[in-house]
Amino acid sequence: MGASPESPARSLKPYRLVALLVAAAFLVLGVTGFVWADSGVTLVVDGDASYVMSDADTVDDLIADAGIVLGPADVVSPSLATPVSDGMTVVVRHAVPVVVDISGSPLALDVVGSTVADALVATGLDPASGHTVEPSLETPLSPGMTISVSDVFVRIVEEHVEVDHGTVVENDPSMEQGSRAIKRQGEPGTTVRIYRVVVTEGVEGPRTLSAESIVTEPVDEVVAVGTRRSAPRVVASRAGATSEPPREGRTLTVVATAYSPGDPGVSTRTATGARATRGIIAVDPSVIPLGTRVYVPGYGNAIAADTGGAIKGDKIDVCFDTRAEALAWGRRTVTITILP
């Protein structure tokens with residue numbers, strides 16, 4: 001019979017559980033400690049970017065670990081006291097010492113920028129204000145360089161100018177042909193003009209008109225021109241219109257139609273007030289002014305004393321005493337003569 005154990009057997013499971021927990025804790029500490037110690041950071045120094053792994057606590061420590069020397073005018077973003085985190089971006093911009101000579105007055109300053117235009121901004125000058133700059137605005141900055149700025153600026157000049165009035169001519173059938181009378185006096189207007197003047201070393205350059213606005217509108221002068229003329233004095237020949245064509249005068253080719261006071265809707269009075277009779281023609285006043293004496297082949301001498309809604313451009317309408325004569329004329333193209 002075998003010997004009995006001196007004490008009851010103990011279970012090994014609790015010891016194994018503790019060992020597993022301790023191992024797991026060391027594993028977690030090792031993994032998390034690795035993450036805490038190494039953060040991936042994008043470091044941009046004066047435009048040059050690099051990716052670094054760092055266990056630095058703050059941006060200040062990160063800059064020191066990278067061997068970057070900062071001056072009093074340099075700029076770091078985010079601030080030096082910011083904690084370092086994985087995936088962050090840190091930007092360092094070193095100030096560039098330059099001299100800006102403004103019309104003989106040198107100014108030494110540290111510029112946080114990359115071009116001559118940035119240096120002008122640092123002095124309080126607007127690069128777009130027309131200054132003469134040497135070297136050019138887009139030139140990269142370099143330590144110790146000198147930038148020359150001439151005394152150039154833009155002056156705004158305001159000028160008030162008188163504007164001439166126009167003249168409007170109105171036909172007046174109550175006045176004798178050829179007579180003129182002023183019905184309303186014209187008055188000039190006023191406009192204001194804004195000029196941009198480039199001034200270099202105190203000398204004004206060319207003016208450039210940048211804006212113009214009317215202050216007071218001009219008032220047109222109105223002139224009445226008489227058109228009244230006795231129609232019987234200038235009637236064309238009734239004997240088959242056999243008068244000889246004139247030797248002098250300007251010619252004009254027109255389409256000529258005919259009408260008579262007996263036509264439906266036709267008044268016995270013309271637009272000028274004269275009686276509608278043979279020797280009167282209707283015209284477009286913008287082509288043949290009212291009161292103009294003309295010679296019409298096949299019709300004779302006549303005077304432009306009437307208008308018509310359909311008479312536009314190079315068209316005339318000759319007047320006959322009877323509807324039969326007007327129908328016999330029909331529609332034809334003729335070359336008329338404007339009599340002197």
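This is a predicted model: local features need pLDDT of at least 70, side-chain atom pairs count only at pLDDT 80 or more; totals for chains, interfaces and linings use all residues.
**Rings, barrel and cores**

Student: Why does Ser39 count as buried?

Tutor: Buried means under 20% relative accessible area. Ser39 has 9% relative accessibility, so Ser39 counts as buried.

Student: And why is Thr268 called partly exposed?

Tutor: Partly exposed covers what lies between buried, under 20%, and exposed, over 50%. The relative accessible area of Thr268 is 47%, so Thr268 is partly exposed. Thr268 is found in the loop between strand 15 and strand 16. Beyond its neighbours within four places in sequence, Thr268 is in contact with Pro261, Ala274, Arg275 and Ala276.

Student: What share of the protein do buried residues make up?

Tutor: Buried residues account for 31% of the 340 residues. The protein has four helices and 20 strands.

Student: Let's turn to the rings. How many aromatic pairs are there?

Tutor: Rings pair if their centres lie within 6.5 Å, and by this rule the count comes to three aromatic pairs.

Student: Why is the pair of Tyr299 and Phe320 called edge-to-face?

Tutor: Planes over 60 degrees apart count as edge-to-face. The ring centres of Tyr299 and Phe320 are 5.2 Å apart and the planes stand at 90°, so the pair is edge-to-face.

Student: What makes this pair of Tyr299 and Phe320 tie parts together?

Tutor: Tyr299 lies in the loop between strand 17 (293-296) and strand 18 (300-306), while Phe320 lies in the loop between strand 19 (315-319) and helix 4 (323-329), so the pair ties together parts that are 21 residues apart in sequence. Tyr299 and Phe320 are both buried.

Student: Which kind of aromatic pair do Tyr299 and Trp329 form?

Tutor: That pair is edge-to-face, with 6.1 Å centre to centre and 80° between the planes. Tyr299 is in the loop between strand 17 and strand 18 and Trp329 is in helix 4, so this pair ties together parts that are 30 residues apart in sequence. Tyr299, Phe320 and Trp329 are linked by ring pairs into a cluster.

Student: Why do Tyr299 and Trp329 count as buried?

Tutor: The cut-off is again under 20%. Tyr299 is at 0% relative accessibility and therefore counts as buried; Trp329, at 6%, therefore counts as buried too.

Student: What sits over the ring of Trp329?

Tutor: The charged end of Arg332 does, 3.7 Å from the ring centre. Elsewhere, Arg207 lies over the face of Tyr195, at 5.7 Å from the ring centre. The distance limit for a charge over a ring is 6 Å.

Student: Where does Arg332 stand in the strands?

Tutor: Arg332 is in strand 20, opposite Ala256. Strand 15 (residues 250-259) and strand 20 (residues 332-338) pair in the antiparallel sense.

Student: How do you know that strand 15 and strand 20 pair?

Tutor: Pairing takes at least two bridges, and these strands have seven. A closed barrel of six strands runs 15-19-16-18-17-20, with mixed pairing. On average, its neighbouring strands are turned by 45° against each other, direction ignored.

Student: Which residues have the most contacts inside the largest nonpolar core?

Tutor: Ile281, Ile288, Val296, Tyr299, Ile316, Val318 and Ile336 have them, in a core of 28 residues. Strand 15, strand 16 (280-282), strand 17, strand 18, strand 19, helix 4 and strand 20 each supply at least two residues of this core. Apart from it lies another core, of 13 residues, among them Val100, Leu109, Ala119 and Ile147.

Student: What makes strand 1 and strand 4 joined?

Tutor: Four bridges join strand 1 (residues 39-45) to strand 4, and the two run parallel; Leu43 stands opposite Val90. Strand 3 (residues 75-77) runs antiparallel to strand 4, with three bridges between them, and Val76 has Val92 as its bridge partner.

Conventions. Residues are numbered from 1 along each chain as its sequence is written. Side-chain values use heavy atoms; hydrogens and water are left out. Rings of Phe, Tyr and Trp (its six-membered ring) pair if their centres lie within 6.5 Å; planes under 30 degrees apart count as stacked, over 60 as edge-to-face and the rest as tilted. Buried means under 20% relative accessible area, exposed over 50%, partly exposed in between (1.4 Å probe, protein chains only). A charge sits over a ring if NZ of Lys or CZ of Arg is within 6 Å of the ring centre and within 35 degrees of the ring normal. Axes are lines fitted to C-alpha atoms, for helices over the stretch in contact, and angles run from 0 to 180 degrees between N-to-C directions. A nonpolar core is a set of buried Ala, Val, Leu, Ile, Met, Phe, Trp, Tyr and Cys residues joined through side-chain atoms within 4.5 Å. Contact means heavy atoms within 4.5 Å.
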